[in-house]
Structure formats: structure tokens, C-alpha cells
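Subject: Structure handover

Hello,

Here is the structure I said I would pass on. My notes on it follow below.

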Amino acid sequence: MKPLLKQMIRAESTVKKGELATAEVIKAEFDRFSIPCQIDRWDNNRANVSAKISSTNQKTALLLAAHLDVVPPGDALWKHNPFAGIEENGKIYGRGSADMKGSTAAVITAITELVAEKAVFKGDLIFVGAAGEETDSCGAKRFIEQNKDNFGDIAAVIIPEPTNFDIITAHRGIVWLRVTTLGKTAHGSMPQEGINAIYSMNAFLTELRSTDFGIEHPLFGKCSVSVNTINSGNAINVIPDKCQAQIDIRIVPGQTIKSVIAEVEKIFARLKQQDSTFDAKVEVIRHCDGLDTDPKSDFVRKFCEVVENPRTKTVGYTTDGPCFASLGAPVIIYGAGVTELCHKPDEYIDIADLEKGKQVYKKIFREFLC
Ligand SMILES: [Zn+2]
């Protein structure tokens, strides 16, 4: 398991390098155990990798959905090269060691050990390592689109993100918007001849701050809205004809992107009614729904028993979970590694956690599939 993780870290899967090299490392590992595995490659270096242990079909399948990509190492100086996969004092360091190559290596090793032990599978075990989770979930969407008609029934989707072995059943989603107000340029000494896009943006933002986006979720309350960048103007003596703001909205489960856009457009309409020169447009930069698995469902209750942890939790970050929820099965996020180390310099995973992850995943597979 340790050599597998180190190879996965060395197969740098940033946006720049793509996921193909990591997919190849995983395929080679499944190949060693004659487990059917394939790589789906596109755009030169992008890739998903998937494997399937076929069964006697007496039990319902499980889908294990990992992601292959990692975020860039950032500007901070690391103790070790972030893509060297260095082992030191019971830890393996590297970008992706926690998020989520460590937990993924534990899942893969749990699978290959069960196969080597000649475990009899009564339910199919499907594994996917998907591209692009850190950006747009392109790999998960592509995998689901290509396979949704062949899956058959799935008992649950388990996402082995590093949750420190907490059982996560819900998280908020993301809507990132770019709002542009449009005006008319004029000489700075004659503002009455122009339409100042900054003033239009000011009017929009004032309205936005008092807008109630409606939905209130029992666990998360209301969505959060924050205007985090604003850009406008070229010169001190020119009336700006364009102003852009980027808005980070964390939607709650059940809240749709359509309803958010509709609220923004209502603000535009109100402002236009007050001032016919008001002009604005809204674009979506990124969108990801929230996740809301019923913690009282049969599968989640049994899962809690199997991993001997009675509590489920909610978190603030997002995952590929909502994409997989579209399959209609409960989605659980559960895995080895410390969440707080994700996306940070000197990211690592404790080898003890890797080992515990492998054991607990073997137990999950035995209980649900054997
Ligand atoms: Zn992750």
C-alpha cells in the first residue's frame, strides 16, 4: 500500500499535468491482481480509471468513488518536494497524500487483498477514480453519463475523502457568479454624459445584501453570500462603462442554481424599473449542488454499525457526492486522513491511518458485499 501511494503522489495530477499518470498507476495495481480495469482518456492527459469486481449478484452493488486530481502545491516552501512521496516518522508526505490519494490507496489495497484472499463477492464492487473534482467534477459527470445505464441497482456510493473516519452525509453546494454592470463611457469632467458602471454595481450590491434567497435548511440554515472581487475603471478621468463583481454563494441542499439566478435577475428588473439606464448580466463560473443523504436510511444506519461510529456529520466543503446522488443511491463520505491538511503545504497522511483505512474498508466490503 505504501509503494502504491508514493507512486500515486509522484504521478503529479494537478490541472497542468492531468490525471492520466495516476490512472495508469492504479490500473497497473489492479492488473497485478487480474482485476478488470480500464482507463477512459480525453484531452490528451485527462483520465478516469474504473474497475469492477463482478459477483454472484445476490447482494446490491457498492460504488466507491474517489478523485484522482490534486490542487497545486502553492507558493509556500514545503519541507519535502510535494511530488516526491517521502516517508518520514510514520507519515507519507506529498500533495494529495491526504486529499485523497491516501484513502484511495487504502480502498484499492482493501480490494486487492480481498481478491488475493479469494473472498466470494455476492454484490458487485465498482471503483472509480475520477478527474477534475477540485475544479468542475468533469470526471464524475463523464463517468456517470457513460455508465448510468449499465450499473444496475446500487446500494450506496461511498466517497473516500479524508474525513478522519467521520461519517459525512451532508454538505452545502457552491454557486459562483460573475455579475457585470454595463454603462457608458464619458470624460471624467462630464459625468452627466456617461453611465457610471460602478454606481450601477453599487446599486446592485446594495440590493443583493438585503435579498433573502428563501430556502432555509434544517441543518445548514440559509445560504451564505459574499462578494469577494470587484473590478472596474481604467483611468481617474474616464467614466467606467463596465464593472465586474464575483460572488461566492454557498447554497444549501435543495436550493437550485435556477432559483439563485432568478433572484439575481429579479434585482436587475427592479433596478431597471427605477432607472431605465441600468444594464447588467450574470454568468455562472462554477456550480455544484449540496448533498443531503438521509442519516436515518437503512444503509447509513448499517454503515454506522459496521464502522462502529454512531454519529453522522455535516461539513462545509463540497465533493463529487451530489453528482453521484443523481444515481438515486445514498451517498456517504468516509475515509482515512485529516481533513484539515487538505490543500495545505506539507500535506501528509499517517501510515497508521492508511492501515486503519484499509482494515475498515475490508470490513465494509465483507459486510455489504460478501
Ligand atoms: Zn478531495
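Two residues are in contact when heavy atoms of theirs lie within 4.5 Å of each other. By that rule, and leaving aside neighbours within four places in sequence, Arg 46 is in contact with Glu 19, Asp 40, Arg 41, Ala 131, Gly 132 and Cys 138. With one of these, Glu 19, Arg 46 makes a polar contact from side chain to side chain, at 2.8 Å. Arg 46 itself belongs to strand β2, which covers residues 46–53. Please keep in mind that this is a predicted model.

Overall picture

The protein chain contains 9 helices and 16 strands. Its C-alpha trace spans about 80 × 45 × 35 Å along the principal axes. Of the 370 residues in the protein chain, 52% are buried. The chain exposes about 17000 Å², and carbon and sulfur atoms supply 49% of that area. Among contacts with a separation of 6 or more, 80% are between residues 24 or more positions apart. There are 44 positive and 48 negative charges in the protein chain, and their mean positions are 2 Å apart.

The cores

The largest nonpolar core has 74 residues. Within this core, the residues with the most contacts are Phe 127, Phe 324, Ile 364 and Phe 365. Helix α9 (residues 351–369) gives the largest share of the core, 8 residues. Another core, of 24 residues, lies apart from that one and includes Val 179, Ile 249, Leu 271 and Phe 278.

What does Phe 365 touch, not counting residues up to four places away in sequence? The list is Leu 62, Leu 64, Val 107, Ala 110, Ile 111, Leu 114, Leu 125 and Cys 370.

Helix α3

Helix α3 runs over residues 97–116 and includes Ser 97. The helix is mostly covered, with 17 of its 20 residues buried. Is Ser 97 buried or exposed? Ser 97 has a relative accessible area of 0%, so it counts as buried. Its side chain reaches the backbone nitrogen of Tyr 348 at 3.3 Å. Not counting residues up to four places away in sequence, Ser 97 touches Ile 9, Ile 92, Gly 102, Glu 347, Tyr 348 and Ile 349.

The peptide bond from Asp 99 to Met 100 is cis, with omega near -10°, and Met 100 lies in α3. After α3 comes Lys 118, which has a positive phi near 60°.

Asp 43 sits in the loop between β1 (37–42) and β2. Phi of Asp 43 is positive, near 45°, and the residue is not a glycine. Its relative accessibility is 61%, which means that Asp 43 counts as exposed.

The loop between β2 and β3 (61–67) holds Asn 57. Asn 57 is another residue with a positive phi, about 60°, although it is not a glycine. It counts as exposed because its relative accessibility is 56%.

Thr 60 is found in the loop between β2 and β3 as well. With a relative accessible area of 37%, Thr 60 is partly exposed. Not counting residues up to four places away in sequence, Thr 60 touches Gly 123, Asp 153, Ile 154, Ala 155, Phe 368 and Leu 369. The C-alpha atoms of Thr 60 and Gly 152 are separated by 8.6 Å, while the two residues are 92 residues apart along the chain.

The loop between β3 and β4 (87–88) is the place of Asp 75. Which class does Asp 75 fall into, buried or exposed? Its relative accessible area is 85%, so Asp 75 is exposed. Along the chain, Asp 75 and Pro 345 are 270 residues apart, and their C-alpha atoms are separated by 8.8 Å.

That is what I have on this one.

Regards

How values were computed
Residues are numbered from 1 along each chain as its sequence is written. This is a predicted model: local features need pLDDT of at least 70, side-chain atom pairs count only at pLDDT 80 or more; totals for chains, interfaces and linings use all residues. Side-chain values use heavy atoms; hydrogens and water are left out. Helices (H or I, at least four residues) and strands (E, at least two) are DSSP runs, numbered from the N terminus. Buried means under 20% relative accessible area, exposed over 50%, partly exposed in between (1.4 Å probe, protein chains only). Accessible areas come from the Shrake-Rupley method with a 1.4 Å probe; for residues, only the protein chains shown count as cover. Lys and Arg count as positive and Asp and Glu as negative; His and the chain ends are not counted. The place of a charge is taken as NZ of Lys, CZ of Arg, CG of Asp or CD of Glu. A nonpolar core is a set of buried Ala, Val, Leu, Ile, Met, Phe, Trp, Tyr and Cys residues joined through side-chain atoms within 4.5 Å. A polar contact is a pair of N or O atoms within 3.5 Å; within protein, one must be able to donate a hydrogen and the other to accept it, and residues adjacent in sequence count only if both atoms are side-chain atoms.
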